[in-house]
Amino acid sequence: MLSPNPTIMGILNLTPDSFSDGNKYSDPKIAIKRVEAMISEGAGIIDIGGESTRPGADPIDIDTEWERVRDILKAATKYDTLLSIDTYKPEIAERALQNGAKIINDIATFEHLEEMVILAKKYSSDLVVTHNSRQQPFDKFNDLLSDIENKFESAIVTARKLGFDPQRLIFDIGLGFGKTNEQDIELLKNFLNIRTKFSQRFMIGASRKSFMRLFNEQNTNDRLPCTLAVTLSTYLNGCDIFRVHDVHENYEVLKFAQTIYEK
């Protein structure tokens, strides 16, 4: 089960406190150069975020978040590349959609699912639906697995109810969001089983995440080998979109894998 169009989503964090690249792209000129670099390296989507979603990060207000992403988003529209807004705030999502974004990437979708679906329908955008169990951590992995599948099913039902094409939903199992490192590994082991139950596209957001400490990759900047391994394994198990920091390396892995495995 291989995606007909595997796509790299390049991460652009315009935040001072992201877990891996905080404050690296706060200068607009540097940020735009990074956008250009990721596009040249093979990114088909640029995911722009103005608030850190790492565990323990302090929330920020709407105006602060919008101020961080507004100018970069507008400047990036001149490139022939899909733009995604990484936000859990419907107000920010709508402003971004009004200014060129085509995808909402929401890590807390189920806290305001109907509102985000209505926005996606209004602006003919795609919506990344992320499983985030921060409100209900699961001790038993089977319960977590069932909850992910049930939540995704409920998103499909909600989309249909509101007249939004369910095929414009993109499912993300939410690695690191309310899960233990061990649960993240188990989810990756079970990725194919989850993937085959749905016709929607799937996105994986594993880049540099903390579960990689289990493999002695302690520093975030040293987690490329594990990230590439996840990209390859999930591609072979049907993943469509790969949200990563290291665009060039992940793109090359996908290109090589396509050469070998696609018929």
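## Gln258 and its surroundings

Gln258 touches Pro6 and Tyr235, when residues up to four places away in sequence are not counted and contact means heavy atoms within 4.5 Å. Gln258 has its place in helix α9, where helices (H or I, at least four residues) and strands (E, at least two) are DSSP runs numbered from the N terminus. With a relative accessibility of 25%, Gln258 counts as partly exposed; buried means under 20% relative accessible area, exposed over 50%, and partly exposed in between, using a 1.4 Å probe and protein chains only. The C-alpha atoms of Gln258 and Leu232, which are 26 residues apart along the chain, are separated by 10.0 Å.

This is a predicted model, in which local features need pLDDT of at least 70 and side-chain atom pairs count only at pLDDT 80 or more, while totals for chains, interfaces and linings use all residues. Residues are numbered from 1 along each chain as its sequence is written, and side-chain values use heavy atoms, with hydrogens and water left out.

## The chain as a whole

The protein chain has nine helices and eight strands. Its radius of gyration is 17 Å, close to the 18 Å that the globule rule gives for 263 residues, so the chain is as compact as a globular protein of that length; the radius is taken over C-alpha atoms, and the rule is 2.2 Å times the number of residues to the power 0.38. Taken along the principal axes, the C-alpha atoms of the protein chain fill a box of roughly 45 × 40 × 40 Å.

Of the 263 residues, 54% count as buried. Among the contacts in the protein chain with a separation of 6 or more, 66% come from residues 24 or more positions apart.

Helix α1 (residues 28-41) has 14 residues and reaches 20 Å from its first C-alpha to its last, close to the 20 Å expected at 1.5 Å a residue, where the expected span is 1.5 Å times one less than the number of residues. In α1, the residues Ala31, Ile32, Arg34, Val35 and Met38 are buried. Seen down the axis of α1, the buried residues fall within an arc of 155 degrees, so they line one face of the helix; the arc is that of the directions from the helix axis to the C-beta atoms. An α-helix has 3.6 residues a turn, so residues three or four places apart point the same way.

The buried residues of α1 pack against β1 (7-13), β2 (43-49), α2 (62-76) and α9 (247-261). On the other side of α1, Lys29, Lys33 and Ser40 are exposed. After α1 comes Gly42, whose phi is positive, near 120 degrees.

## The nonpolar cores

A nonpolar core is a set of buried Ala, Val, Leu, Ile, Met, Phe, Trp, Tyr and Cys residues joined through side-chain atoms within 4.5 Å. The largest such core has 65 residues, and those with the most contacts inside it are Leu12, Leu169, Phe171, Ile173, Leu187 and Ile204. Helix α5 (residues 141-161) gives the most to this core, with eight residues. A second, separate core of seven residues includes Ile45, Ile103, Met203 and Ile241.

Leu144 lies in helix α5 and is buried, with a relative accessible area of 0%. Leaving aside neighbours within four places in sequence, Leu144 is in contact with His131, Ser133, Phe138, Lys179, Gln183 and Leu187.
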